[in-house]
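Here is a short briefing to read alongside the model. Have the viewer open, and pick out each residue as it comes up.

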Amino acid sequence: VIPKRQRGGSITAEEIKQTLESEGILAGIAGDPNLLPTHVASVDKAGKGSVTFYLGNDETAVSHLTDCVLLCKQPFDSISDRVTFILVDDPRLSFAIIAQEFLPSLPPSGIDPTAIIDPAAEIHPSVYIGPHCVVEKAKIGEGSVIHSGVKIYAETEIGRHVEVESGAVIGASGV
C-alpha cells in the first residue's frame, strides 16, 4: 500500500531520499542534495525541475535530462554533471511514493455548510465533506475526503482515507 502524502509543494532531493527511507526503501543520492524539483514527469518528458524514474540501463534514453531528479538503479556517467540521482532498487515504486508529494494538499476536515447530512450518518471527525454534497444514512471513515457535489446513498460505507471526486454518486444501483 502506498501511503497518501499530498504536501502540495516541492521537496529537495535529500528530502526525497529521507522520505523513501522512512518507508523502508534503501536510497542513495549522487549529485546535488539541495536540488528542488517542482513537478513529476515521465522520463521522455522530464526536464528542468522534474522528478522522474528510469528502469533501464540505456544511457541514450536519459541523455536529454538536465536539472532534474532521476530515480534509478545506477547513475549514468554521461549526465552525472546535470542530474541528481536517487539510487533505489525499485525506481517505479519509489516514484509512486514521491509523486504524491506533489499533489495538491488535501482540504482540512469539516463539513461545508451547503452539504446536506442525514442526522443518522456516521462521519468520523477527520472527514472533509465539500459543498453541495448529500450524505444519507451512511458511514464515512477516518481521513476521507468527499469533494463537491457528491451523493452518498443510505447504507453505504466509505472506508478510511478514501477520496471521492466531485459529482460521484455512491451506493446507487447501476441501472
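L71 stands opposite I86 in β5, where strands are DSSP runs of E with at least two residues, helices are runs of H or I with at least four, and both are numbered from the N terminus. This is a predicted model, in which local features need pLDDT of at least 70 and side-chain atom pairs count only at pLDDT 80 or more, while totals for chains, interfaces and linings use all residues. Residues are numbered from 1 along each chain as its sequence is written, and side-chain values use heavy atoms, with hydrogens and water left out.

**The sheet and its helices**

- β4 and β5 (residues 83-87) run parallel and are joined by five bridges; two strands count as paired if DSSP finds at least two bridges between them.
- Helix α1 (residues 13-22) packs on the sheet and touches β1, β3, β4 and β5, with contact meaning heavy atoms within 4.5 Å.
- The direction of α1 makes about 10 degrees with that of β5; axes are lines fitted to C-alpha atoms, for helices over the stretch in contact, and angles run from 0 to 180 degrees between N-to-C directions.
- Helix α2 (residues 91-99) lies across β2, β3 and β4, and runs at about 150 degrees to β3.
- The open sheet has five strands in the order β1-β5-β4-β3-β2, with mixed pairing.
- β1 (28-30) and β2 (39-40) are the edge strands: each has a single partner strand, so one side of each is left without a neighbour in the sheet.

**A loop residue**

- D58 is found in the loop between β3 (50-53) and β4 (68-72).
- D58 counts as partly exposed because its relative accessibility is 39%; buried means under 20% relative accessible area, exposed over 50%, and partly exposed in between (1.4 Å probe, protein chains only).
- From D58 to P131 the C-alpha to C-alpha distance is 49 Å, and the two are 73 residues apart in sequence.

**Rings and a charge**

- The whole structure holds three aromatic pairs, where rings of Phe, Tyr and Trp (its six-membered ring) pair if their centres lie within 6.5 Å.
- One of them is F76 with F85, a tilted pair at 6.4 Å centre to centre and 50 degrees between the planes; planes under 30 degrees apart count as stacked, over 60 as edge-to-face and the rest as tilted.
- F76 is buried, at 2% relative accessible area, and F85 is buried too, at 1%.
- Y54, F76 and F85 are linked into a cluster by ring pairs.
- K151 has its charged end over the ring of Y153, 4.7 Å from the centre; the rule asks for NZ of Lys or CZ of Arg within 6 Å of the ring centre and within 35 degrees of the ring normal.

**Cysteines**

- The count of disulfides is zero, a disulfide being a pair of cysteine sulfur atoms within 2.5 Å.
- C68 is in no disulfide, and its nearest cysteine sulfur, that of C72, is 9.8 Å away, which is too far for a bond.
- C68 is buried, with a relative accessible area of 1%, and C72 is buried at 0%.

**Around I140**

- I140 lies in strand β11 (residues 139-140) and is buried, with a relative accessible area of 2%.
- Leaving aside residues up to four places away in sequence, I140 touches a set of residues including I123, V127, I129, V135 and I152.
- H124 is 16 residues from I140 along the chain, yet their C-alpha atoms are separated by 6.3 Å.
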